[in-house]
Amino acid sequence: MDYTYYLIQAMNGIQYGFLLFLVASGLTLVFGIMGIVNLAHGAFYMVGAYLAYWLAGATGNFFLGVAVGVPIGVVLGLVIERLGFVHLYHRDHLLQVLFTFGMILVIGELITILWGDDVHGVSVPAMLAGSVALTDTQAYPVYRLFISAACIATAGGLLALIRYTRLGMMIRASASNREMVELMGVDVNRLNMAVFGLGVGLAAFAGMIAAPVNSVHPTMGDDILIMSFVVVVVGGVGSIQGAFWGAMLIGLADTFGAVFLPEAAGVVVYALMALVLVWRPSGLFAAR
Amino acid sequence: MSGIRFTPSRRAVLGGAAAAATMAGLPRFAIGSPPRIKVGFMLPYSGTYAKLGNNITDAFMLRMAELGDTLGGAEVEFVRVDDESAPPKAVDNITELVLKEEVDVVVGTVHSGVVQAMAPIVREEGTLTIVPNAGANRITRELCAPNLFRTSFSSWQANYPCGDVVLKDGHKKVVLISWNYAAGKEMLGGFTESFTAGGGEIVKEILLDFPNDEFQAYLTDIAALQPDAVYAFFSGGGALKFIKDYAAAGLHGQIPLYGPGFLTEGVLGGVGDAAEGIKTTLHYSVALDNPLNLKFREAFQSATGRESDVFAVQGYDTATLLAKGLEAVQGDISAKRDLYAAMEAAEIESPRGTFRMSKAHNPIQDIYLREVRNGQDHILGVAAEDVEDPATGCSL
């Protein structure tokens with residue numbers, strides 16, 4: 001195995017990292033800014049995947065499905081925020097955990113009622129199907145390159161939003177000192193709504209673009225949720241930048257762990273998290 | 001259907017147990033009225049394997065209806081418990097059926113981990129138990145018992161014949177890939193046994209943590225190793241994703257893919273072209289062209305509105321086996337010796353073809369070689385006839 005093999009494995013890791021970032025960024029926003037431990041974040045990812053499955057089938061066009069599905073996801077998030085989360089902002093984390101855990105069960109059951117327990121597949125859009133040959137024996141799926149591109153675009157947009165807009169300024173301020181932001185006259189209620197909508201939108205979008213490379217089934221949200229929490233904790237709660245580098249680190253660690261230490265592949269990521277926490281207890285890019 | 005009582009909640013079960021306790025003083029059945037038996041389904045009705053549990057139950061009921069809703073003249077009452085395919089809950093669930101509900105027969109289950117927790121308890125209590133799916137080798141090896149039967153397969157059985165198939169196709173170097181759990185290792189083990197005995201070489205064995213389905217790094221590995229073929233066991237969501245990722249990584253059509261039949265069961269609708277040409281071995285195929293299979297598929301479809309599959313066949317055969325046993329004893333479940341002897345000697349006419357039981361109570365059956373063509377299962381032939389599990393460690 002020559003260096004191209006490791007290069008391709010690095011591509012695999014980075015690509016997985018991008019996908020993790022997309023999910024984890026929404027989680028870290030909601031967690032860091034609103035102070036909500038949102039266990040239901042993985043469920044929103046799953047809702048996104050099911051929306052992609054449903055809408056891509058109904059419209060016959062994957063991209064149209066995503067375009068229709070993201071707003072549906074955001075509206076769903078806003079409704080849930082108004083009906084449920086709004087009562088939890090000043091409660092302790094245990095109640096939030098209970099509520100969001102309940103959301104996982106309710107959303108899971110609704111999905112089973114609507115689409116059944118079967119495993120579904122979403123086909124890769126025709127224009128992105130196929131693979132590019134990298135070497136004589138290695139080929140890379142075009143759609144995975146597209147996922148990376150979409151994630152880079154989203155990450156760039158998100159960083160620009162956080163750094164250069166008024167909303168971003170309020171989000172950053174709120175992440176470091178919420179009471180002060182409230183005292184300065186910012187309508188935290190509306191800010192929370194915007195952040196939650198953004199978070200759910202990101203999770204749903206990630207679920208949608210991941211649907212063609214994932215199988216769509218009722219437990220898919222649980223797996224991604226745990227990895228996203230690892231990313232958020234490693235990167236530092238509330239920091240978008242932290243989520244990005246955390247996701248890259250975890251994506252690469254997961255991939256190279258699988259290559260070099262196949263026996264311990266499941267442990268590598270968590271060992272890395274433990275190391276980071278010993279070194280920097282509040283994560284690599286702690287917001288506060 | 002008449003005579004079915006479902007048990008949706010723990011409270012209802014307790015209520016039932018209380019009612020049963022008050023009636024405990026009454027004779028089992030009055031003279032002149034037909035005997036009654038109580039069958040308990042312990043199957044997954046929620047979670048990933050819910051579809052399997054439902055197909056097994058519905059096909060069992062379909063066979064019951066064909067038999068006039070009686071087994072050997074006995075009226076049958078049903079209880080069902082959702083085992084959620086959760087091994088930690090298995091002991092509670094089986095105890096509930098055997099001790100509180102006092103069922104005469106247990107039908108269960110799908111998950112190999114759950115069945116291994118059930119087996120010691122039903123062995124101890126002596127309750128007749130028929131396993132309609134779980135392939136754990138031990139059930140008809142070390143854990144075998146006079147009252148424990150299996151109508152499905154052993155993991156070894158479904159994989160062992162494939163070693164010769166791969167060798168005959170001219171492949172000498174193979175990469176194995178599966179999840180790192182009991183069923184995965186048993187499936188790969190069965191294949192490895194015959195493949196290496198015939199001169200094949202296992203280049204690498206890749207075991208992923210269950211139920212991890214991020215395969216990309218391993219597929220890059222496979223492409224770098226360039227084996228003659230890949231032998232894979234995954235099922236359900238993992239199988240669907242593996243087949244799709246395998247094709248997306250450019251390996252489809254380059255390195256042939258083999259596996260036990262579960263790799264392609266129930267996923268062909270979701271994978272499109274990516275499954276074309278995958279060869280698998282299994283004790284059944286929907287494509288089997290025998291009259292009973294055609295009749296069964298049609299009857300299952302009209303009774304449930306769903307397509308039948310290998311799991312439904314196993315549920316159907318479970319009812320047949322039980323009926324054969326009870327017919328020999330006129331529905332008297334307490335005549336255990338004659339009942340078990342009749343079940344051991346039974347010829348089961350199944351949609352998979354006629355089979356009989358081994359001494360260890362596992363089917364002796366043909367294993368078919370199947371290939372995916374145009375999104376459908378096709379039968380290439382019989383990979384091995386009358387395959388019998390070695391039943392190592394069983395003293396029956």
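The views below come from a predicted model.

**View 1**
An unreviewed UniProt entry annotates "transmembrane region" at residues 13-32, 62-81, 93-115, 142-162, 193-213, 225-247 and 259-279 of chain A. Two of these spans are shown. Residues 225-247 of chain A are 83% helix and 0% strand. The end C-alpha atoms of residues 225-247 lie 13 Å apart.

**View 1. Overall fold of chain A.**
Chain A holds 11 helices and two strands. Read from the N terminus, the order of elements is α-α-α-α-β-β-α-α-α-α-α-α-α. The radius of gyration of chain A is 19 Å, close to the 19 Å that the globule rule gives for 288 residues, so chain A is as compact as a globular protein of that length. The C-alpha trace of chain A spans about 65 × 50 × 35 Å along its principal axes.

**View 2. Helix 3 against helix 8 in chain A.**
Helix 3 (residues 62-83) and helix 8 (residues 188-210) of chain A pack at about 140°, with axes 8 Å apart. The two helices are therefore oblique to each other. Their crossing is right-handed. Helix 3 of chain A brings A:Val66, A:Gly69, A:Val70, A:Gly73, A:Val74, A:Leu76, A:Gly77, A:Leu78 and A:Glu81 to the contact. Helix 8 of chain A meets them with A:Met193, A:Phe196, A:Gly197, A:Val200, A:Gly201, A:Ala204, A:Phe205, A:Met208 and A:Ile209. By class, the contact has 12 nonpolar residues, five polar and one charged.

**View 3. Helix 2 against helix 8 in chain A.**
The axes of helix 2 and helix 8 of chain A come within 7 Å and cross at roughly 50°. These helices are therefore oblique to each other. Helix 2 of chain A passes helix 8 of chain A in a right-handed crossing. From helix 2 of chain A, the contact includes A:His41, A:Phe44, A:Tyr45, A:Met46 and A:Val47. Among the partners in helix 8 of chain A are A:Val200, A:Ala203, A:Ala204, A:Phe205 and A:Met208. The contact residues divide into 14 nonpolar, three polar and no charged.

**View 4. Helix 2 against helix 9 in chain A.**
Helix 2 (residues 41-59) and helix 9 (residues 220-235) of chain A pack at about 130°, with axes 8 Å apart. That angle makes helix 2 of chain A oblique to helix 9 of chain A. The crossing is right-handed. Helix 2 of chain A contributes A:His41, A:Gly42, A:Ala43, A:Tyr45, A:Met46 and A:Ala49. Helix 9 of chain A contributes A:Met220, A:Gly221, A:Asp222, A:Ile224, A:Leu225 and A:Ser228. Seven of the contact residues are nonpolar, four polar and one charged.

**View 5. The contact between chain A and chain B.**
The contact takes 29 residues from chain A and 28 residues from chain B. Helix 1 (3-34), strand 2 (139-141), helix 10 (240-260) and helix 11 (265-279) of chain A each supply at least two residues of the side that touches chain B. Helix 1 of chain A gives the most, with five residues. By class, this side of chain A has 13 nonpolar, 14 polar and two charged residues.

Chain B has 12 helices and 15 strands. The radius of gyration of chain B is 21 Å, close to the 21 Å that the globule rule gives for 396 residues, so chain B is as compact as a globular protein of that length. Its C-alpha atoms fill a box of roughly 70 × 45 × 40 Å along the principal axes. An unreviewed UniProt entry places "domain: Leucine-binding protein" at residues 37-375 of chain B. That span is 43% helix and 21% strand, and its end C-alpha atoms lie 43 Å apart.

**View 6. Two backbone exceptions in loops of chain B.**
Most residues other than glycine have a negative phi, and most peptide bonds are trans. B:Ser85 has a positive phi of about 50° although it is not a glycine. B:Ser85 sits in the loop between strand 3 (74-82) and helix 3 (87-100) of chain B. The peptide bond from B:Gly108 to B:Thr109 is cis, with omega near 5°. B:Thr109 belongs to the loop between strand 4 (105-107) and helix 4 (112-125) of chain B.

Key: Residues numbered from 1 in each chain as written. Chains lettered and ligands numbered in written order. Predicted model: local features only at pLDDT ≥ 70, side-chain atom pairs only at ≥ 80, totals over all residues. Axes fitted to C-alpha atoms, helices over the stretch in contact; angles between N-to-C directions. Helix = DSSP H or I, 4+ residues; strand = E, 2+ residues; numbered from the N terminus. Parallel < 35°, antiparallel > 145°, perpendicular 65-115°, else oblique. Left-handed = near helix turned anticlockwise from the far one by under 90°. Contact = placed C-beta atoms within 7 Å. Nonpolar A, V, L, I, M, F, W, Y, C, P; charged D, E, K, R; others polar. UniProt positions renumbered as here; feature names shortened; annotations may be inferred. Rg over C-alpha atoms; globule rule 2.2 N^0.38 Å.
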